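Please go through this structure with me in short questions and answers. I am new to it.

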Amino acid sequence: MSFPPPHVIDRVVGSGVVRRLEWHESTGSTNADVSAAAAAAEPAGLVIGTDLQTAGRGRRGRSWTESAGRGLALSVLLRPSLPPSRWPLLPLVAGLAVHDAAASVVGTDRIGLKWPNDLLLDDIKTSGILVEALNDAVVIGMGINIDWRGVDRPADLRATSLAEATDADVDRAAVLVELLEALGRWVDLAETDPEAIVPAYVSRCATLGTDVVVYGPSTVTGRAVGLTHEGHLRVRRDDGTEVVVSAGDVEHLRPST
């Protein structure tokens, strides 16, 4: 059976953030595909997904191609009514949607969001997010590892999947529905009540209360103590000074307390 099955397409298209859903056996990057469509004046609501992404972007320039059909990789085109000054909330929105989708399989106790763009399952990465702004459009790319049982991976890639965590088969189509419906709910909330997004994210964030190193234009080390109104990370250094980080790659130095 082709993926996603017709009943899934019928359920998600025309509701929430989905106007049109394309699914490909393989592509280089769904974010690149949706960005090209956005540049060609594609309306909001395009979703492009793939069974096999061959040129996806990971942490610190890492690339790796997993086996086809073992995960979800998709990108969504938004043209937000939010003013651009509030667009930094959209990575948090995507994280909340991924959290909801994973929770539908494993519950909430074992998962947490690592600021700004990962979902941790038993403190191991199981999902990633890449949000890109393009003039009047935003592309939200999301990937969830569904079933990596028996899949070889690079030694330095510390990641897991929903099926590994549950030791059971996971319905990939059901997770896709949960993800897109959750994204629609959180986007709607961001546009109607943006002040609600940061508190919702904070309640699910595994980074806060943790000693971290943030790799970006400069390296910042300290305790993650909160998020700003815009969703940026507040880090308190050992000397007591506080740094606000708007983007970067976060490494947890020890578990949250």
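Q: In the predicted model, which residue of β11 stands opposite Val-235?
A: This is a predicted model. Strands β10 and β11 run antiparallel and are joined by 4 bridges. The residue of β11 that stands opposite Val-235 is Val-243.

Q: Which residue in the hairpin of β10 and β11 takes a positive phi?
A: The hairpin of β10 and β11 has 5 residues between the strands. The phi in question is near 95 degrees, and the residue that takes it is Gly-240.

Q: Which residues make up the uncovered face of β10?
A: In a regular strand the side chains alternate between the two faces of the sheet. In β10, Leu-233 and Val-235 form the covered face. The uncovered face consists of Arg-234 and Arg-236.

Q: Which residue of β10 is the bridge partner of Arg-223?
A: Ala-224 stands opposite Val-235 in β10. For Arg-223, the bridge partner is Arg-236.

Q: Which strands stand at the edges of the sheet of 5 strands?
A: This open sheet has the order β11-β10-β9-β8-β12, with antiparallel pairing. An edge strand has a single partner strand, so one side of it is left without a neighbour in the sheet. The strands placed like this are β11 (242–245) and β12 (249–252).

Q: By how many degrees are neighbouring strands turned on average in the sheet of 7 strands?
A: The 7 strands form an open sheet in the order β1-β2-β3-β7-β6-β5-β4, and the pairing is mixed. At its edges are β1 (20–24) and β4 (111–114), each pairing on one side only. Direction ignored, neighbouring strands of this sheet are turned against each other on average by 15 degrees.

Q: At about what angle does α5 run to β3?
A: Helix α5 (residues 172–192) has 21 residues and reaches 30 Å from its first C-alpha to its last. At its start, a side-chain oxygen of Asp-171 reaches to within 3.0 Å of the backbone nitrogen of Ala-173. The helix lies across β1, β2 (46–50), β3 and β7, and its angle to β3 is about 25 degrees.

Q: Is Pro-84 buried or exposed?
A: Pro-84 lies in the loop between β3 (71–78) and α3. Its C-alpha atom is separated by 9.3 Å from that of Asn-135, 51 residues apart along the chain. A residue counts as exposed over 50% relative accessible area. Because Pro-84 has a relative accessible area of 58%, it is exposed.

How values were computed: Residues numbered from 1 in each chain as written. Predicted model: local features only at pLDDT ≥ 70, side-chain atom pairs only at ≥ 80, totals over all residues. Heavy atoms only, no water. Helix = DSSP H or I, 4+ residues; strand = E, 2+ residues; numbered from the N terminus. Expected span 1.5 Å × (residues − 1). Polar contact = N/O pair within 3.5 Å; in protein donor to acceptor, adjacent residues only side chain to side chain. Pairing = 2+ DSSP bridges. Buried < 20%, exposed > 50% of the residue type's maximum accessible area, 1.4 Å probe, protein only. Axes fitted to C-alpha atoms, helices over the stretch in contact; angles between N-to-C directions. Contact = heavy atoms within 4.5 Å.
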